[in-house]
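Here are some notes for you to read with the model open beside them.

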Amino acid sequence: MAKQLLIYETAVPVSATRHAGMSLEGSDSYAFSAAINAVPLMAVEFPRATAEYAVVFAADGDGLMPVVILGIRNEQNLYLAPDGHWKADYIPAFIRRYPFVFASTADGKSLTLCIDESHPGVNREGRGNALFGDDGKPTPYVDKVLEFLKDYQAQFERTRVFGRRLKDLGLLEPMQATVSTPKGEKLSLGGFMVVGRDKLRALSGETLQQLVKSDELELLYLHLASLRNFNTVKDRLVGTLADEQPATDAA
């Protein structure tokens, strides 16, 4: 079954009619993200995320969206441990909001809270946090989820504005990451863009001043510094290849 928004399987609107008596048991497993090698990143997350991830840009409609690189191969998340734990201190908000998500109407004017019912913590045995009280109203837990998602949505819109500005300024250029395995195999990851340092230096003083005032210049330098984390992704990939080697040789 094709997943929605990379990680959701059966996201449906949260309602008292459908979810009365339903609870969500928390989990420290992120196994649902095993088959993704990149996720969107909000601009507000740059200070923490760029310390551990390579942050690049990908096309997003008429603009650009920052993304964190989680793997070189398609459908392989190198930041996910075999037991489902996350192998980094910071976890992107895109991942943390699961199993909840907002669905928007076609005109984008209305948002509906949805939950992925395939999440293993969804239950009717009272384990974890109830979604609705006996009065049929959302519980304080759901209220907190709504607050988190509303903030996420606001940051998403701000990040889209940031991405459109970068596109309008013509600062980005295509990049491809190539990794050589111990066996000499070359793996490539492309389809993303990075800020060109020469293009950044060529900006006018007025434009640079605007970027400084909006704190976006800081984001650009954090992005550029984060590119060294491709070495971390490479090392994680080589580590998984070493783990796979006995099985490969046996085959």
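1. Strand E6 (residues 100-104) and strand E7 (residues 111-116) pair in the antiparallel sense, with five bridges between them. Helices (H or I, at least four residues) and strands (E, at least two) are DSSP runs numbered from the N terminus, and two strands pair if DSSP finds at least two bridges between them. Within this pairing, Val101 sits opposite Cys114 of E7. The hairpin has six residues between its strands, and Gly108 takes a positive phi near 75° there.

2. A word on what you are looking at: this is a predicted model, in which local features need pLDDT of at least 70 and side-chain atom pairs count only at pLDDT 80 or more, while totals for chains, interfaces and linings use all residues. Residues are numbered from 1 along each chain as its sequence is written, and side-chain values use heavy atoms, with hydrogens and water left out.

3. Which strand order does the open sheet have? It has three strands in the order E1-E7-E6, with antiparallel pairing. Strand E1 (11-13) and E6 stand at the edges with a single partner strand each, so one side of each has no neighbour in the sheet. On average, neighbouring strands here are turned by 40° against each other, direction ignored. For angles like this, axes are lines fitted to C-alpha atoms, for helices over the stretch in contact, and angles run from 0 to 180 degrees between N-to-C directions.

4. The other pairing in this sheet deserves a look too. E1 and E7 are joined in the antiparallel sense over three bridges, and Pro13 stands opposite Cys114 in E7. Helix H4 (residues 140-169) packs on the sheet, where it touches E6 and E7, and its direction makes about 60° with that of E6. Contact means heavy atoms within 4.5 Å.

5. There is a second hairpin to check. Strand E4 (residues 55-60) pairs with strand E5 (residues 63-69) in the antiparallel sense over six bridges, and Ala59 stands opposite Leu64 in E5. Two residues lie between the strands of this hairpin, and Gly61 takes a positive phi near 65°.

6. Now the pockets. The largest has a volume of about 430 Å³ and is lined by 20 residues, with Leu5, Phe94, Arg97, Gln153 and Phe156 nearest its centre. On a 1 Å grid over the protein atoms alone, a pocket is an open set of points where a 1.4 Å probe fits, with protein on both sides within 12 Å along at least five of seven lines, and lining residues have an atom within 4 Å of a point. Grid points are joined across faces, edges and corners, and a volume is the space filled by probe spheres set on the points.

7. What supplies the lining of the largest pocket? E4, E5, E6 and H4 each give at least two residues, and the largest share, five residues, comes from H4. By class, the lining divides into 14 nonpolar, two polar and four charged residues. Here Ala, Val, Leu, Ile, Met, Phe, Trp, Tyr, Cys and Pro count as nonpolar, Asp, Glu, Lys and Arg as charged, and the others, Gly among them, as polar.

8. The second largest pocket has a volume of about 360 Å³. Of its 20 lining residues, Arg96, Arg97, Tyr98, Pro99 and Tyr141 are the closest to its centre. H4 gives the most to this lining, with five residues, and the classes are 11 nonpolar, five polar and four charged.

9. Please look at two backbone details. A cis peptide bond, with omega about 10°, joins Tyr98 and Pro99, and Pro99 is in the loop between H3 and E6. Leu6, in the segment before E1, has a positive phi of about 75° although it is not a glycine. For context, most residues other than glycine have a negative phi, and most peptide bonds are trans.

10. Finally, helix packing. The axes of helix H6 (residues 205-213) and helix H7 (residues 216-226) come within 5 Å and cross at roughly 90°. H6 and H7 are therefore roughly perpendicular (65 to 115 degrees). Leu208, Leu211 and Val212 in H6 meet Glu216, Leu217 and Leu220 in H7, a set with five nonpolar, no polar and one charged residue.

Notes. Angles under 35 degrees count as roughly parallel, over 145 as roughly antiparallel, 65 to 115 as roughly perpendicular and the rest as oblique.
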